[in-house]
Amino acid sequence: MIKLYDNGVYLVNGKDIVEDNADSAAVLQQKCGSIPSKDEAAKGTMAYGILESHNTSGNMENLQIKFDKLTSHDITFVGIIQTARASGLEKFPVPYVLTNCHNSLCAVGGTINEDDHMFGLSCAKKYGGMYVPPHQAVIHQFAREMLAGGGKMVLGSDSHTRYGALGTMAMGEGGPELVKQLLNRTYDIAKPGVVAIYLTGKPQKGVGPQDIALAIIGAVFSNGYVKNKVMEFVGDGVANLSADFRIGVDVMTTETTCLSSIWTTDDQIREFYEIHKRPEDYKELKPAAVAYYDGMVYVDLSEIKPMIAMPFHPSNVYTIDELNANLLDILDDVEKKALVSLDNSKIQYTLKDKVRNGRLYVEQGVIAGCAGGGFENICDAADILRGSYIGADEFSLSVYPSSQPVFMELVKNGTITDLMKTGATVRSAFCGPCFGAGDVPPNNGLSIRHSTRNFPNREGSKITNGQIASVALMDARSIAATAANQGYLTAATDIDADYRKPKYFFDSTIYENRVYNGIGKADPSVQIKFGPNIKDWPEMTALTDNMVLKVVSEIHDPVTTTDELIPSGETSSFRSNPLGLAEFTLSRKDPEYVGKAKAVQAGEKARVAGEDIFAALPEIQDVFDKINGKFTVKPEETQIGSMIYAVKPGDGSAREQAASCQKVLGGMANIAKEYATKRYRSNLINWGMLPFLYPDEIPFKNGDYIFIRDIRKAVTEKTDVIKAYVVGDDMKEFDLRLGDLTDDERDIIAKGCLINYYKSQM
């Protein structure tokens, strides 16, 4: 059972729940002997204490956070360091770990992936960082093993940067936010709300962390219950979960669109740190005697059943029993939802052909990455599969341990042997299956995965080429149960397995002998190694007084993911090449976008160069004629850019490229009803793009031009309502808003991007 409280709640002594209503004062008086104020009680959350200790502003309403440690992987760290270098970087001021777990397949794109790795190693030496070579560990497992610490804060350039189960408040953001930390600046946000996730009871045998996580995601995603808030895990049920189990739930909190997470800690977490030879990093965390939360998600663990998130979102959840009992009806519903994200004129999408003798058949199972590749998940999966075979039909099973230490212990205790006997294949630590760079399903295939996401286009589909595949998210245990039945969907609770629960032993010598640790040992004499694909950011111009925007893409899906804005998979090899990567922008959602954006950009390039903008972009002549019928505007002093409209863009990855690729192609703004995540909006701002809000039905259409007068003044003088005009004979007026912006964010937009902002201060 999962219950969402309609109001805020007081938590007394970590266990008694008092909902904030007309009776709460009397109940608090009875339980506490006093009635604490809501503001005082809000200081009793674990989140408040950690944020307060890392805040440098002196004002808890408007935070300026300094993080303890930073982490990035190989499709983000090149752009981050290149941005920081252009902005004056001399050395890494805090421990910064560069892992190589995304572009690990170095044959993709020739030498360019390995070139990025060598860039990272040389930068770790030059600026004083840590470098984790390919196949050693996925980014988040290494952080759990070597970076997390009780009461600490970690910032990562990957959206699943979540170490709350270990007492660490971690956040995933776009690269520019890490650049700010590398330049001794701060992470600036308003004080976030905190929502309690109250766990009680004990999971049924066969129910795993992904089942709990999917049940929570299904309850809170669509209503935005925890959006941009901190999820704080409390309750008596926490003690019934192992450290590995908690980690498996915690990593999936990203898919709720929350800001971060934190859990109460206990002897099981103390033991985790002891096993990993860092006992000093343990800290006991629990709420104060009275703590106030902005809401509560009450989860009875004993009632959660094995879950499945059907395509194409982690919130599209059902119990496996429910799916099996109502198979055709649910598949019909999935197909209807798919029509929202897929262009049905190009793709005829169905999963009904997977039904064989009344049961759902899947072609692939994958247990991988930061969510699925943990020691306990893989051991339990092996226990379910022991004595079974995955068969010789279409179904395949692959397993990716999350780090070399985990892999080695699985070898030592015989788990790898057990898995290989079943026909499963075991791979090295690699995040590829999570974003379409490994184990891509066949066309029209269905893959079940214990990984983090199942967005459309993420698993390798190229809809414009007529290719489509699907991913459903499940727990490793039910994936193993399905494998034991040779591809027919099966809940782990239907298998009577003997779970051995072997003890984990961590061998640190793997890292000691292979990972380069240069933290605090910067060597300015080291020359950075640049491969031919590593390019600098192009020059970006400052905001002008007026702006003309052409709408070049109009997306009315309820949510637009970062995977749709800039696809993952093979495009990841171009993350170090801004112009090369930009060619893929919206390629699987709106293939005409790049050409349209470049056409508009030709006019802006001509303006900046002092050339004839009307020759470069002939259609702009009529636009300015109509504008000057109402106002007096000089074309040479008016910025020309492209713009995307989407209802709710930015769900998913922290990748800054979802915004930077638009800017590289001349994008100057987004207009949206709302932004799905803080991190996408922050990425827009850091690349100098205007994050406009318009909550109503839009008065413009794809191909229209929009004129905004005195936009620079509106940004710098904090104008609330900004007048805009759809360019036409009647110059139709409508109102835009930018929402809350810090002074620094306004300055970044005015100067054109974060790089320009820092250059102006050098």
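**Exercise 1. Find which residues lie nearest the centre of the largest cavity.**

Solution. The largest cavity is lined by 25 residues, and H102, D158, H160, C434 and R458 lie nearest its centre. A cavity is a set of points on a 1 Å grid over the protein atoms alone where a 1.4 Å probe fits but cannot get out; lining residues have an atom within 4 Å of a point. This is a predicted model, where local features need pLDDT of at least 70, side-chain atom pairs count only at pLDDT 80 or more, and totals for chains, interfaces and linings use all residues. Residues are numbered from 1 along each chain as its sequence is written, and side-chain values use heavy atoms, with hydrogens and water left out.

Next, the volume: about 220 Å³. A volume is the space filled by probe spheres set on the points, with grid points joined across faces, edges and corners.

Now the helices. Helix 6 (139–146), helix 13 (369–372) and helix 17 (432–435) each supply at least two lining residues. Helix 13 gives the most, with three. Helices are DSSP runs (H or I, at least four residues) and strands are too (E, at least two), numbered from the N terminus.

Last, the classes: nine nonpolar, eleven polar and five charged. Ala, Val, Leu, Ile, Met, Phe, Trp, Tyr, Cys and Pro count as nonpolar, Asp, Glu, Lys and Arg as charged, and the others, Gly among them, as polar.

**Exercise 2. Find which helix gives the most to the lining of the second largest cavity.**

Solution. This cavity holds about 100 Å³ of space. Its lining includes Q141, R144, D244 and F245. Helix 6, helix 9 (243–250), helix 13 and helix 14 (375–385) each supply at least two residues. Helix 9 gives the most, with four.

**Exercise 3. Decide how helix 7 is oriented to helix 26.**

Solution. Start with the axes, which are lines fitted to C-alpha atoms, for helices over the stretch in contact; angles run from 0 to 180 degrees between N-to-C directions. The axes of helix 7 and helix 26 come within 8 Å and cross at roughly 70°. Helix 7 is therefore roughly perpendicular to helix 26. The cut-offs are under 35 degrees for roughly parallel, over 145 for roughly antiparallel, 65 to 115 for roughly perpendicular, and the rest for oblique.

Then list the contact (heavy atoms within 4.5 Å). G175, P176, E177 and K180 of helix 7 meet S682, N683 and N686 of helix 26. These residues divide into one nonpolar, four polar and two charged.

Methods. On a 1 Å grid over the protein atoms alone, a cavity is a set of points where a 1.4 Å probe fits but cannot get out, and a pocket is an open set with protein on both sides within 12 Å along at least five of seven lines; lining residues have an atom within 4 Å of a point.
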